[in-house]
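Subject: Structure handover

Hi,

Here is the structure I promised to pass on. Please open it beside this email and follow along.

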Amino acid sequence: MIDLYSAATPDGHMVSIALEELQLPYALHALDKQNSEQTVSYGRIPAINDRDEDNFVVFESGAILIYLSEKTGKLMPSDMKGRSKVLQWLMFQMGGIDAIKDEASRMHLFRVMDERLQGNEYLAGDYSIADIANWVRIRTHMRSGISVDDFPNLKRWAQAIKARSGVQRGLLMLPSSRDIEADLDESMEKFA
Ligand SMILES: N[C@@H](CCC(=O)N[C@@H](CS)C(=O)NCC(=O)O)C(=O)O
């Protein structure tokens, strides 16, 4: 059993979605992101504690996704190049999409993803932790009214991931405020 310490933030949703997609049993400790002292790792969320591995604690959302993938042998291939591709797109989120500061860099990074998704169903081979990590961020960026018509492949990919039942379950585990969810849904519809 895994303890998940998390909140309704993109990084928090990333981990609840991965746990749902992997169908791993977990106990959710839903915390307030402003007041996350009850977590197991430096007062930060998301974090997990794997009770079956001598209470092994992992923090940082990207590291948690890699850990869960390696624990289950799913959502990331084990061959060197396949694994590298997933890690490249995971790091693309951590260092790029996650850190977008202005409109020009956002447009650039969306263009990179759109080109990648032209002729590729997912970012790195089969559906993987890289798709989950990028999707939670794209979802929140869509709230800010980007010109979506320029990114047809990104649109198709975002809709396909949204439709996954594991993704929906992962979001529902940590509901955002009603206003935010309605806003996100509306943006996602416009995006379609
Ligand atoms: N890079 C981290 C970001 C995590 C993060 O910023 N967590 C915030 C809430 S969204 C937090 O725990 N803040 C409390 C603190 O740092 O003391 C990840 O991806 O897990």
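Of the contacts in the chain with a separation of 6 or more, what percentage comes from residues 24 or more positions apart? The figure is 69%. Keep in mind that this is a predicted model.

**Overall layout**

The chain has eight helices and four strands. Read along the sequence, they follow the pattern β-α-β-β-β-α-α-α-α-α-α-α. The chain holds 192 residues, and 35% of them are buried.

**The sheet**

Start with the strands. In general, strands of a sheet pair through backbone hydrogen bonds, either parallel or antiparallel. Here the four strands form an open sheet in the order S2-S1-S3-S4, and the pairing is mixed. Strand S2 (26-30) and strand S4 (56-59) stand at the edges. Each has a single partner strand, so one side of each is left without a neighbour in the sheet. On average, neighbouring strands of this sheet are turned by 15° against each other, direction ignored.

Now go pair by pair:

- S1 with S2: strand S1 (residues 2-6) runs parallel to S2, and five bridges join them. Aspartate 3 has alanine 27 in S2 as its bridge partner.
- S1 with S3: these strands pair in the antiparallel sense over four bridges. Look for isoleucine 2 opposite aspartate 50 in S3.
- S3 with S4: strand S3 (residues 47-50) and S4 are antiparallel, again with four bridges. Asparagine 49 stands opposite valine 57 in S4. Isoleucine 48 stands opposite valine 58 in S4.

S3 and S4 also form a hairpin, with five residues between them. Check aspartate 54 in the turn: its phi is positive, at about 55°.

**Two packed helices**

Next, the helices. Two packed helices are described by the angle between their axes and the distance between the axes. Helix H1 (residues 10-22) packs with helix H2 (residues 61-72) at an angle of about 10°. Their axes are 9 Å apart. Angles under 35 degrees count as roughly parallel, and H1 and H2 are therefore roughly parallel to each other.

Which residues of H1 and H2 meet? From H1 come Asp11, Met14, Val15, Ala18, Leu19 and Leu22. From H2 come Ser61, Ile64, Leu65, Leu68 and Thr72. By class, this contact of H1 with H2 has eight nonpolar, two polar and one charged residues.

**The ligand**

There are 10 residues around the ligand. Thr9, Asp11, Lys33, Arg44 and Ser61 come nearest. Asp11 and Ser61 are also in the list of residues where H1 meets H2. By class, the shell around the ligand has two nonpolar, four polar and four charged residues.

Last, find serine 128. It sits in the loop between helix H4 (103-116) and helix H5 (129-141). Is serine 128 buried or exposed? A residue counts as buried if 20 or more other C-beta atoms lie within 10 Å of its own. Serine 128 has 24 within 10 Å, so serine 128 is buried.

What does serine 128 touch, leaving out residues up to four places away in sequence? The residues are Leu75, Met76, Val86 and Tyr122. Take valine 86 as the example: serine 128 and valine 86 are 42 residues apart in sequence. In space they are 7.0 Å apart, C-alpha to C-alpha.

Best wishes

Notes. Residues are numbered from 1 along each chain as its sequence is written. This is a predicted model: local features need pLDDT of at least 70, side-chain atom pairs count only at pLDDT 80 or more; totals for chains, interfaces and linings use all residues. A residue is near a molecule or strand if its C-beta atom, placed from the backbone, lies within 6 Å of it. Ala, Val, Leu, Ile, Met, Phe, Trp, Tyr, Cys and Pro count as nonpolar, Asp, Glu, Lys and Arg as charged, and the others, Gly among them, as polar. Axes are lines fitted to C-alpha atoms, for helices over the stretch in contact, and angles run from 0 to 180 degrees between N-to-C directions. Helices (H or I, at least four residues) and strands (E, at least two) are DSSP runs, numbered from the N terminus. Angles under 35 degrees count as roughly parallel, over 145 as roughly antiparallel, 65 to 115 as roughly perpendicular and the rest as oblique. Two residues are in contact if their C-beta atoms, placed from the backbone, lie within 7 Å. Two strands pair if DSSP finds at least two bridges between them. A residue is buried if 20 or more other C-beta atoms lie within 10 Å of its own, exposed if 12 or fewer, and partly exposed in between; C-beta atoms are placed from the backbone.
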